[in-house]
Amino acid sequence: MIAYQEAQLDALGDATRRAILARLLAGPQPVGSLAAELPVSRPAVSQHLSVLKAANLVIDQAEGTRRVYAI
């Protein structure tokens with residue numbers, strides 16, 4: 001249980017990941033939409049989403065050829 005909580009705290013320690021979570025509070029979004037609103041590249045947003053997913057802070061779902069992320 002401690003490792004799980006530490007992973008979540010580590011994930012939340014990054015300002016970009018907190019910004020992604022704040023945008024996902026408005027509802028599910030694909031990576032492209034998130035990247036358009038942030039000052040980092042689309043691949044960087046994907047990496048941040050992978051960290052958030054590993055910490056069980058977001059989920060993703062395939063919709064056609066894109067992945068949509070939600071809290």
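At what angle do the axes of H2 and helix H4 cross? Here are my notes; keep in mind that this is a predicted model.

1. Start with the crossing itself. The axes of H2 and H4 (residues 42-54) come within 10 Å and cross at roughly 80°. Angles of 65 to 115 degrees count as roughly perpendicular, so that is the label for H2 relative to H4.

2. Now look at who touches whom. From H2, the residues in the contact are Thr 16, Arg 17, Ile 20, Leu 21 and Leu 24, and they meet Val 45, His 48, Leu 49, Val 51 and Leu 52 in H4. Sorted by type, the residues of this contact come out as seven nonpolar, two polar and one charged.

3. Next, check which parts of H2 (residues 15-24) are tucked away. Its buried residues are Arg 17, Ile 20, Leu 21 and Leu 24. They sit on the same side of H2, because they cover an arc of only 100° around the axis. The general rule is handy here: an α-helix has 3.6 residues a turn, so residues three or four places apart point the same way.

4. Finally, is Gln 47 buried or exposed? This residue belongs to helix H4. Gln 47 is exposed, because its relative accessible area is 57% and the cut-off for exposed is over 50%. Along the chain, Gln 47 and Arg 17 are 30 residues apart, yet their C-alpha atoms are separated by 9.8 Å.

Definitions and conventions: Residues numbered from 1 in each chain as written. Predicted model: local features only at pLDDT ≥ 70, side-chain atom pairs only at ≥ 80, totals over all residues. Heavy atoms only, no water. Buried < 20%, exposed > 50% of the residue type's maximum accessible area, 1.4 Å probe, protein only. Helix = DSSP H or I, 4+ residues; strand = E, 2+ residues; numbered from the N terminus. Arc of directions from axis to C-beta. Axes fitted to C-alpha atoms, helices over the stretch in contact; angles between N-to-C directions. Parallel < 35°, antiparallel > 145°, perpendicular 65-115°, else oblique. Contact = heavy atoms within 4.5 Å. Nonpolar A, V, L, I, M, F, W, Y, C, P; charged D, E, K, R; others polar.
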